[in-house]
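Open the model in your viewer and keep the selection panel at hand.

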Amino acid sequence: MKDWSNSTSPAIFTGWLTLEESDNDRARLLDRLAAILPVEKEVEGPPSLEAVVRSFYARDEIRLFLDRFEAIHEADIRDMLTDLIVQAPGHVRFYIAGRDVTPLLSDARIPHSDLLVITSDHLKLDAVEMKQIVRIGTGIELENRVIQSLEHLTEGWLPAVNGFISYLDGSRAQRWKQDAALDAIVPDMHSYFLHRVFLRQSPQIQTFMLQTALPDFFDADLAFALTQHSQKVDTIEHIAGSGLFLFQEASDRYRYRYHPLYADFLRRHFKQTEPAEYERLYNRYGSWLENEGLLLDAVRHWLPISNYERATNALLADIPSLFSHPTKKLLQVLDAFPLKELIKSPTAAILYAWFLITDQRISTAETVLHQTEAGMREDQVYLFSLTGEDLRGYIASFHSIVYYLRHDKEKGTAFMQETESRLNGRGLIYCHTSSISKPVGSLFKSAFGHWGSLDQSITMCEYAEKKWRGDSVGYGYFQALLGECYYERHQLDDAERRLLIGRRIGLDRRDPGLLIPTTLTLVQIRLNEGNATNAERLLEETQTLLAEQPEATWLLDACKARVGMETGASDSVKRWLADQEESTTGTHDHNYMYKYLTLLRAWLYTEEFDRGGAFAESLLHYSQSLYRHYYKAELHLLLALFNDRTRNIASAVLHLEQALQIGHEEGYIQLFYKDWKRIGPLLAKYEKQLRLALKEEGDTAVFYEQLLQTPRSAAPNADGFGKAADLLTPAEYKVLQLLLEGRSNAFIAGSLNNSIETVKSHCKNIYKKLELKNRGAVRAHFEQASRMTN
């Protein structure tokens with residue numbers, strides 16, 4: 001470093017300090033800094049921080065290197081180094097290197113222009129860089145799928161990326177396909193790791209690396225359990241500090257992992273060279289996972305060696321904990337079981353069937369149920385291991401769900417009754433269901449409501465609510481679901497009554513699984529009535545109650561955007577839209593359909609028709625494979641609106657036809673009414689084309705005629721709020737809401753931050769545009785409109 005420094009300018013002083021674990025002692029660190037600068041000591045012992053800073057003024061220009069910053073983990077020592085950087089004069093430049101320099105980068109006091117930071121992340125290629133390097137080296141534009149796999153496998157390590165390129169650029173005997181090149185990286189790097197890394201280490205380090213490569217992550221305790229090595233901490237720090245592909249986790253500095261390619265090499269080498277020791281250690285690690293309660297990890301550990309009995313035992317050792325894992329994660333594990341092995345344990349098999357139903361893999365779930373029953377003896381009683389209840393009762397309940405999804409109400413109800421008979425009621429599992437694990441925008445459109453199966457959900461709830469009376473959370477869920485169903489049937493009084501019961505139970509228990517879907521539906525009812533002020537208050541109340549529930553925030557924010565579209569709050573809508581960019585990229589997730597549909601409505605609102613149409617098409621394609629009839633119908637309606645705006649008449653008519661067919665089959669009346677000011681004119685506009693298209697459709701044609709003949713007084717917003725929303729400015733519309741509450745001009749002026757004269761002017765405009773004489777006439781008009789709507 002001194003040679004380099006002198007070659008640039010002999011006047012520059014260069015100091016280098018490689019930080020160590022023992023430097024978390026203030027006196028030691030100050031002594032080491034004093035030794036490299038040097039610092040004149042005023043008294044015996046370590047110098048003060050002020051003395052170190054003063055020593056900087058003795059030289060014209062200083063470059064001070066601090067390496068391995070991650071060794072400093074004590075907060076007061078990090079603060080001392082931060083103070084050193086902040087107090088240093090301008091001619092001192094710091095170079096900081098380490099795997100974790102976040103505390104420095106996040107401190108606003110540090111002038112970053114005088115600080116050069118190097119971390120291990122700087123040496124990694126990101127996805128964009130890898131894509132560019134491959135394109136330059138081969139002329140090939142990699143698919144995003146391949147880039148993601150390459151990034152996951154290599155973690156941006158350049159030699160491995162270059163190895164991948166060598167299979168594509170023609171430098172080998174033949175060019176390989178991209179997927180084959182990815183597969184070739186792993187064995188290709190084994191020779192590199194063996195001769196250039198592994199064999200250069202001492203036998204003790206080799207053994208330690210082989211034994212600690214079995215888990216994906218390990219800490220000192222797990223390292224000791226695997227190796228029985230008393231010096232495990234020193235050994236781990238030596239390997240991590242020597243560039244031997246062992247990395248400290250950023251989120252937990254006591255947790256380590258090997259690079260994926262190096263871990264694969266170590267495991268394969270261990271298994272090939274010491275098979276007996278590998279098997280012994282493999283079993284030891286599996287036992288450790290079970291003893292630590294990491295049961296899903298234990299299942300994954302036993303499956304690759306076909307130890308299905310032990311994998312099943314681990315799976316069933318703590319069934320309640322299974323439900324804390326995401327469904328996708330559980331299914332990845334359960335899918336790895338051969339079905340013939342899984343059905344040897346009927347309890348494990350029906351758990352698999354349940355998670356399949358939750359993930360909407362209905363045909364596979366039916367296969368699992370049928371094969372499980374085929375393997376059960378008629379004369380033998382099978383108990384559900386978690387509760388000791390009749391296992392066939394839960395099998396019947398799953399059959400009930402499947403038949404409801406198949407629109408077979410008769411069989412669905414018959415199996416529900418069998419469930420009640422076998423379980424002496426609804427079953428302990430269902431009795432102890434306290435809430436839905438992840439808040440959803442709609443119970444009706446979730447698994448709880450059979451993904452939008454209206455008749456089936458009503459039949460189930462009306463039967464079950466008689467068995468589930470009281471103020472329990474389960475009763476609240478049935479009331480909320482019935483409320484949503486009646487809303488979709490346009491039975492608004494019944495809907496509101498049920499929703500308010502469900503919301504009250506949700507309020508008592510602060511249960512977001514109840515509060516959110518009831519709030520969103522009640523807000524929509526208020527908007528349909530034209531009562532945006534009450535809708536906003538209801539939403540604000542729920543946001544306050546669930547302020548500390550991050551899973552609830554995005555749903556309530558999307559609902560707020562919908563309210564903004566109805567009230568003309570365009571700035572609020574645009575701000576929400578600006579925060580949703582990432583929602584339109586990557587793979588769709590059915591849990592976020594409420595947000596996706598809000599996005600589409602927002603793009604209609606902001607007249608981004610091409611963008612909205614393209615996203616709606618992708619969502620419709622995604623929904624085709626799912627049992628999501630409601631979402632398909634709603635997407636067809638939205639696509640009809642987008643195509644109408646872009647003058648694509650044929651597509652608009654086709655999507656309207658599809659929406660009408662699903663709406664008639666499922667009984668979705670409110671789907672058309674809730675946005676009647678857009679949908680009504682569209683149905684009338686294409687009346688000729690739709691009559692021709694539905695000529696042979698019978699009942700669907702009748703359903704369409706009924707919609708066409710809907711009197712304005714029966715449609716939502718009829719002769720009142722919908723008309724007012726069209727005629728009034730957003731400011732006038734807000735004044736109207738407060739007028740209808742009987743508020744004075746002074747109150748309205750204070751609420752809207754306007755002058756009284758401005759409010760009076762808005763009132764005059766409201767009377768003129770609505771052709772009404774005064775505020776009394778306004779209230780009477782809208783009260784009548786509301787009664788007619790109900």
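How are α10 and α12 oriented to each other, roughly parallel or roughly perpendicular? They are roughly perpendicular, a class that covers angles of 65 to 115 degrees. This is a predicted model: local features need pLDDT of at least 70, side-chain atom pairs count only at pLDDT 80 or more, and totals for chains, interfaces and linings use all residues. Numbering starts from 1 along each chain as its sequence is written, and side-chain values use heavy atoms, without hydrogens or water.

**Stop one: the helix crossing**

Select residues 203-212 (α10) and 232-241 (α12). Their axes come within 11 Å and cross at roughly 90°. Axes here are lines fitted to C-alpha atoms over the stretch in contact, and angles run from 0 to 180 degrees between N-to-C directions. Now show the side chains. α10 brings Ile-205, Phe-208 and Met-209 to the contact; α12 brings Lys-232, Thr-235, Ile-236, His-238 and Ile-239. Contact means heavy atoms within 4.5 Å. By class, the contact has five nonpolar residues, two polar and one charged.

**Stop two: a loop serine**

Select Ser-345, in the loop between α19 (339-342) and α20 (346-358). Ser-345 is buried, at 15% relative accessible area; buried means under 20% with a 1.4 Å probe, protein chains only.

Select α13 (260-273). This helix gives six residues to the lining of the second largest pocket, the largest share.

Key. Helices (H or I, at least four residues) and strands (E, at least two) are DSSP runs, numbered from the N terminus. Buried means under 20% relative accessible area, exposed over 50%, partly exposed in between (1.4 Å probe, protein chains only). Angles under 35 degrees count as roughly parallel, over 145 as roughly antiparallel, 65 to 115 as roughly perpendicular and the rest as oblique. Ala, Val, Leu, Ile, Met, Phe, Trp, Tyr, Cys and Pro count as nonpolar, Asp, Glu, Lys and Arg as charged, and the others, Gly among them, as polar.
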